[in-house]
Amino acid sequence: MALQGSTRLAAFDEMLPETSGLRKPYTAYDRWLKEQDPARLTQKMEDAERVFRKTGITFAVYGEQEASERLIPFDIVPRIISGQEWRRLTQGIEQRVQALNAFLDDIYHRQEILRAGRVPKDLIARNEAFLPEMIGVRPPAGVYTHIIGIDIVRTSENEFYVLEDNARTPSGVSYMLENRETMMQLFPELFQQIKVRPVENYAQLLRQSLAAVRPERTTDAPTIAVLTPGSFNSAYFEHAFLADQMGVQLVEGQDLRVVDGHVAMRTTEGYKQIDVLYRRVDDAFLDPLTFNPDSALGVPGIMDVYRAGNITIANAPGTGIADDKAIYSYMPEIVEFYTGRKAILGNVPTWRCSEPDSLKYVLEHIHELVIKEVHGSGGYGMLGGPAATKKECADFSAKLASNPSNYIAQPTLALSTVPIMTEKGLAPRHVDLRPYVLVSDRIQLVPGGLTRVALKEGSLVVNSSQGGGTKDTWVLDD
Amino acid sequence: MLLGRTANGLYWMNRYIERAENMARLVDAGLRMALTRTQDASEEWTSVIISSGSDVAFANKYSEYTAANVTDFLLRDVSNPSSVMSSIETARTNARMVRTALTRETWESINEAWMALKRMLAKPIDERELPAVLDAIKRETALIRGAFYGTMLRNEIFDFSQLGTYVERADNTARILDVKYYVLLPSISWVGSTLDNYQWESILRSVSAHRSYRWNYDATYKPSNIADYLILNGRMPRSLAFCYRFISEHLNLLADDYGARHACHATSTKTRSLLKVGSIKDIFDAGLHEFLSDFIRDNTRLGNEIAQDYRFY
């Protein structure tokens, strides 16, 4: 099967780079693929869609009334990572995660990094993601960010960059698990021929990891629950999925209240204490008494229980200060400050528009850059310079100039590509990678992650809310 | 351990699945009558609407009781909260909410039923398609029940689900019986007599009991036998006695599990004892309509007590 189409940027293809032949991690898969009847593969693509619809793996797209439940498109060609590549990524990620937690502890206590002048004071004090309520609070087991999804992009054989540290409530892990499940259903023979490291113990690791960071006073078997904003939330499927896989309760704010200094859930037998809460509700909605008073999604008084050390909240409130896009640009300094070593995984060069020189550069080169809101996520409120029209650039420049500190800019990276299956055969599309990290008394990664793929030819936007799809991600056991 | 909100979701999920199936059966019985009778069928469709408990809402929307109006209202109309489409939609919303309490098979069967019926009921139903649509609704709900019985652990989750099913079913059977007797019985003195009326068959048909009736009684339809069958016969899966046998069983299992009895236990025990010792003659002597009205009221009260006793809200 020949590669079809081309992307505008000369991108590194992870299967079949232009300059050299088929890459080693893909040899066995390629051999298998060449033996397949194209009609059978087309059939498998349809089967995959049916599997996802049947299991109800959908996500809601905000602002689209018609398609209130949509599937994230799934591509049947796996993204394959060699054992050696994975080991290098693991080291880099572990280092980064360690630094993120050390940074959070420092920021909410002695603030040594600010005193040392490595990160500007203003950036913290004037940041909405910084919660003064967390000053001096040390979470159980000293962990702030327990579940992290670090977005990584690749630009060549040996170049990997961290694009974002999702340290508050990373989503998508259910897709990692369901994608593997689906691939094993569709192509069982592939998994006999190729040794792929398993990811299915993620939920078990997550549960163990959450139990390990329980409050000190809690004994052997803590009660764990997942807090969801409710069944209308776009990631509800994932919340339910994780609670189910861990064998813990899925609770909403309306189920919870503070009883005798503990957070408790309303059960058919009365209120029962919760020790560890894996919350998928944003900080602002967590406690109407402390934060947004209008929130019906949280638990009035939970912050008092937290400060008294009677509940673990994962991830800790105020964690967002570490994955703020303005802070991101300081990550190389942050990693070095806390680990004493250079960052193994690099940052994408970033212009902070709050700095006059940078702003000037960004405004002059807006057509070449990707500009993001400091607090934005999910691909909303950003500008992709090269793909934007003159008018879009001009409009965005005006927004940028009126509130520069709200934006950062990055060069348009030639994200690596991995082929997807199209009606005309394989065609390369840009991808990124989000591995999932668990922090307790140790740091753990499941070998794999979520590969997001921009399905539109040439597109660099992989977000599911903007037409991206996903792939199963294989880490080879080699 | 079970969240009160989850128990509530399970209870209503099952009430609505049961309701969807009952609606389909009711329309099926109406259709059958309309086909076998030569005269105007609007009388039968009127009684179908009254049995469904949605006569006021229907009258607000339509003036004629035609097959097309009634089937559209009871099967497709999303402004009717008890239509099949609304019921399946509500059942699925509840299932989604309690997703973690359900086996994958149960969730998938509900989700698939929702997808299939949404597609099937998207456009007005052609008269010729109606039997196939009704079959499909009954098949989908049967698949849900099969997945549920086949895969669910017999724990509190199962108990609350079953309570929803039987409270809904008891309500449904009592209503059908009440309405039909009102419409059909010319005078109380006819109770013991044999009536050659297709309408009687429609009562049995609307609870899928027209064949089993003949195994238990005889080939002729006697009002007293029909009432006996649907109220007191403990072997008939849609009878009030049968429903209360299981309501009591599941409430007792919950009481054993939790080590606590509540108001709902007293109510169900009282209702069950009425159904256990009663004879159909006594019921007719005291007035069938009064009996059924009391029953429907107590059954509703039981539902409210269950919600309160187990902290649904």
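**Figure 1. Helices that cover the buried residues of helix H5 of chain B in a predicted model.** The cover of these buried residues includes helix H1 (4-36), helix H4 (67-76), helix H6 (104-120) and helix H7 (130-151) of chain B. Of the 14 residues of H5(B), 11 are buried, so the helix is largely enclosed by the rest of the structure. Among the buried residues are B:Val84, B:Met85, B:Ser86 and B:Ser87, and also B:Arg92, B:Asn94 and B:Arg96. Helix H5 of chain B runs over residues 84-97. From its first C-alpha to its last it reaches 20 Å, close to the 20 Å expected at 1.5 Å a residue.

**Figure 2. B:Ile88, a residue of helix H5 of chain B.** B:Ile88 has 26 C-beta neighbours inside 10 Å; a residue is buried at 20 or more, so B:Ile88 counts as buried. When neighbours within four places in sequence are left aside, B:Ile88 is in contact with B:Ala20, B:Ala113, B:Trp114 and B:Leu117. B:Ile137 is 49 residues away from B:Ile88 along the chain, and their C-alpha atoms are separated by 9.8 Å.

**Figure 3. An open sheet of 4 strands in chain A.** The strands have the order E5-E4-E9-E10, and the pairing is parallel. Strand E5 (249-251) and strand E10 (312-314) are the edge strands, each pairing on one side only. On average, neighbouring strands of this sheet are turned by 25 degrees against each other, direction ignored.

**Figure 4. The pairing of strands E4 and E9 of chain A.** Strand E4 covers residues 224-227 and strand E9 covers residues 276-279. The two strands pair in the parallel sense over 4 bridges. A:Val226 stands opposite A:Tyr278 in E9(A).

Methods:
Residues numbered from 1 in each chain as written. Chains lettered and ligands numbered in written order. Predicted model: local features only at pLDDT ≥ 70, side-chain atom pairs only at ≥ 80, totals over all residues. Expected span 1.5 Å × (residues − 1). Buried ≥ 20, exposed ≤ 12 C-beta atoms within 10 Å, placed from the backbone. Contact = placed C-beta atoms within 7 Å. Pairing = 2+ DSSP bridges. Axes fitted to C-alpha atoms, helices over the stretch in contact; angles between N-to-C directions.
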